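Hi everyone, thanks for coming. I'd like to walk you through a few spots in a structure, so please have a look at the screen.

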Amino acid sequence: MTKSRISMILGSILLFGVFLFPIWRITLYAPQYPSGLSMDIWVNKITDENAMKNINILNHYVGMKMIEPDSIPELTYFPYIIFALAALGIIAAFIDRKKVYLSWLAIIVVLGILGIYDFYLWEYDYGHDLSDMAPIKVPGQAYQPPLIGGKWLLNFYATSYPNLGAMFFALPMLFAGFAFWTKK
Amino acid sequence: MKKHNLFLPVIAALMLMVSCGGPQGGAETFKKPGGALSSNAAERVYVAPGEYDEFYAFLSGGFSGQLAVYGLPSGRLLKVIPVFSVDAEKAYGFNEETKPMLETSFGFVPWDDSHHPELSQTDGTTDGRWIFINGNNTPRIARISLETFETVEIIEIPNSGGNHSSPFTTENTEYVVAGTRFAVPNPQRDMPINEYKGNFKGALTYISVDPEDGDMEIAFQILMPGFDYDLSHSGKGKSHGWTFFTTYNTEEAHTLMEIGASQRDKDFIAAVNWKKAEEYLAAGNFKEVPANYVNNELDEDSHTATSTKHTTVKVLIPEDCPGLVYFLPTPKSPHGVDVDPTGEYIVGNGKLSADMSVHSFTKMLNAIENELYDGEAYGIPILKYDEVLAGIVTEPGLGPLHTEFDAFGNAYTTFFISSEVVKWKVGTWEILDRVPTYYSVGHLMIPGGDSKHPDGKYLVAMNKITKDRYLPTGPEMNHSAQLYDITGDKMELLLDFPTIGEPHYAQAIPADRVMQHSKKFYKLDENTHPYKALNENETRMERDGNDVHIYMTTIRSHFAPDNLQGVKVGDVVYFHVTNLEQDWDVPHGLAVMGARNSELLIMPGQTETMKWIPQREGVYPFYCTDFCSALHQEMQGYIRVAPKGSNPELKWSLNE
């Protein structure tokens, strides 16, 4: 077995790590929540339920929609994309050609960018689609959390950072790159 | 006239004691001390904002019936836990769930006198699982969970007339004990009071504690002569397996007790071999007699207490059970009985005696083995005083009441009459130090000070008289407690703080044995309350004859439903409110206009029920009482009441 094949297979297997750890974490800090309320976004779910419940309770005062995992289709179909990617990776290792490795790398990079864009769209939607009936209305104020980094949203300081799971998306890219690099 | 003559020897004795044991100097001795304290006392009790205290201290509320939790060394009040008295603030004894906790064989009793908190122990060390406390008046023992800081069980003690020598634990919390202060006819019956002698009995009760869930059961009672059983402590280490009870009124007087019960030079400490009792029980050498008592338990999942009646109790008669009980003669009307951390020394705090007698457990066993008896009382052998005595603390002060210990072989005794704490050496009986208290100290408490492993460091004196210690608040003032540092050779007064009710006795435990187990909220998916509503879709109203059940929820910042109709005068309305919150410290309250009841205060995940009997037709507001959120003030609703005899349709809604 060649180095590139091993690397590609390992990379494909590593992809499943996204099921073990959250990909992203959004945390809200406020005087009443000094250690923060953290919401973890996984490839197939959002945890933990109590933090999400509390965030929803707080959000409803400014008219934000409820965050309901059931209403986010990505959480349902994204796991299939992971399975497909892994399967394609194994097939690529079977074919074992430089171009195929590069194509797989291109697919996962494009999917990664799309995923981040999709995440941005959801954040935008939650932050801007506010109910007219909201008890607290601040003219011009949106509640979109940062894509990455920290930001003040009224009395809350919100942070948004990749979590461990994101690594299992990045590592396969490196392994595929290595496969491409070492394939003669 | 005859009564007055009886007073004279007592007064003379007291004066004699004052002249030989009292403080030296003139009237300036009693001047209120100024700022002559060691200059860094403030620093040593200062707990910076946001920092935690080192110890949890549990001070009984005495005649308030409750248990107060303080932080030490700051003396800050952390919580008042309702135990034996109703508490409108927390709806304790007012909501349907906790009413059964205050049931007794006499029916619902809204008050008691709570004296002695006692932490559960494992291997003689406080373990932070539960704290027990006695109800004096209608004899009961309560168990409080240190996960939730709520009263979770109360058991009534039958055949008892005043549950004072209680609820002191054995070293692995095998039992908590309950001796009766007042002897009563046994069996209880209508009889002349002046036929007390021989007919009245004192029961010593052993309540077993389940090592897993803490469930209390009356294991057995020992039916003793009609003395007053004042206080108790179980042995530890070498004396594990024994319990010691002080007695007064061995004279068996039944009137003007202050004189009648103070005649003998020596009363007794009753030493009970409870391991022997277990043998007699196993051998069937007991009587099962009719009794009438209840056991009330709170189910933490349904958040509901139930009261169970019991009708018999197992009784051991000392005369029929040789080796079960011995009497240790002890001067004079001993109050506290305290066992040192090694388990060897049994201190009898003879409150009317000039000296203090300390017995030796080893000598006691020897005296039993060699039958060194000085007669017997009601079939119970009296051991020879000189054969059990370990030593005498000579002229320590006036009116010794209670002793606790540090980890370095020192004992600390309170003196009520001379209003001081005296430190002395166990074994040499030498007096090492004395400090005044303000005023008339009863119990004292050293964290772990009655266990095998005292945690030391501080001593809290709990006083009966306050007088000039704080800004005056009319004739009644909160009782004072003083905190002393006992780490040095000399005790140092650090802090003086007011307490609730009467801080009768206290216990304290290092914070880390409790704080990590403290519950933050109840999990909604573990709620098994029969009238719960786990989300707003489950909220509704149901009619069952004249009873109307409202299944209601709370979440920041509304009730669901908040418009209620279909109730009429003559109905009995039950608001079953489930707090849907799942976050720390987000209770919601419910108050209904005109309700002849308290508010509800519902913890996250909990369901509580308010019974409301509408009296007049109209539309009545209800609202949340706990400032829960930015829109707390909007957390309100209406209930419409139709005239008596009408037939309104049940209707409930939110945002319609």
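Let's start with the side chain of B:Asn134, which reaches the backbone oxygen of B:Asn163 at 2.7 Å. The side chain of B:Asn134 also reaches the backbone nitrogen of B:His115, at 3.2 Å. Each is a polar contact, meaning a pair of N or O atoms within 3.5 Å; within protein, one must be able to donate a hydrogen and the other to accept it, and residues adjacent in sequence count only if both atoms are side-chain atoms.

A quick word on the source: this is a predicted model, where local features need pLDDT of at least 70 and side-chain atom pairs count only at pLDDT 80 or more, while totals for chains, interfaces and linings use all residues. Residues are numbered from 1 along each chain as its sequence is written, chains are lettered from A and ligands numbered from 1 in the order in which they are written, and side-chain values use heavy atoms, with hydrogens and water left out.

Where does B:Asn134 sit? B:Asn134 is in strand S7 (residues 125-135) of chain B; strands (E, at least two residues) and helices (H or I, at least four) are DSSP runs, numbered from the N terminus. B:Asn134 counts as buried because its relative accessibility is 0%; buried means under 20% relative accessible area, exposed over 50%, partly exposed in between (1.4 Å probe, protein chains only).

For contrast, take B:Thr255, in the loop between strand S16 (242-248) and helix H3 (257-260) of chain B. B:Thr255 counts as exposed because its relative accessibility is 53%.

Now to a sheet. In chain B, six strands form an open sheet with mixed pairing, in the order S42-S41-S44-S45-S39-S46. Its edge strands, S42 (600-602) and S46 (651-653), each pair on one side only. Two strands pair if DSSP finds at least two bridges between them. S39 (residues 563-568) and S45 (residues 636-642) of chain B pair in the parallel sense over four bridges, and B:Val567 stands opposite B:Val641 in S45.

Last, the cysteines: how many disulfides are there over all chains? The count is zero, where a disulfide is a pair of cysteine sulfur atoms within 2.5 Å.
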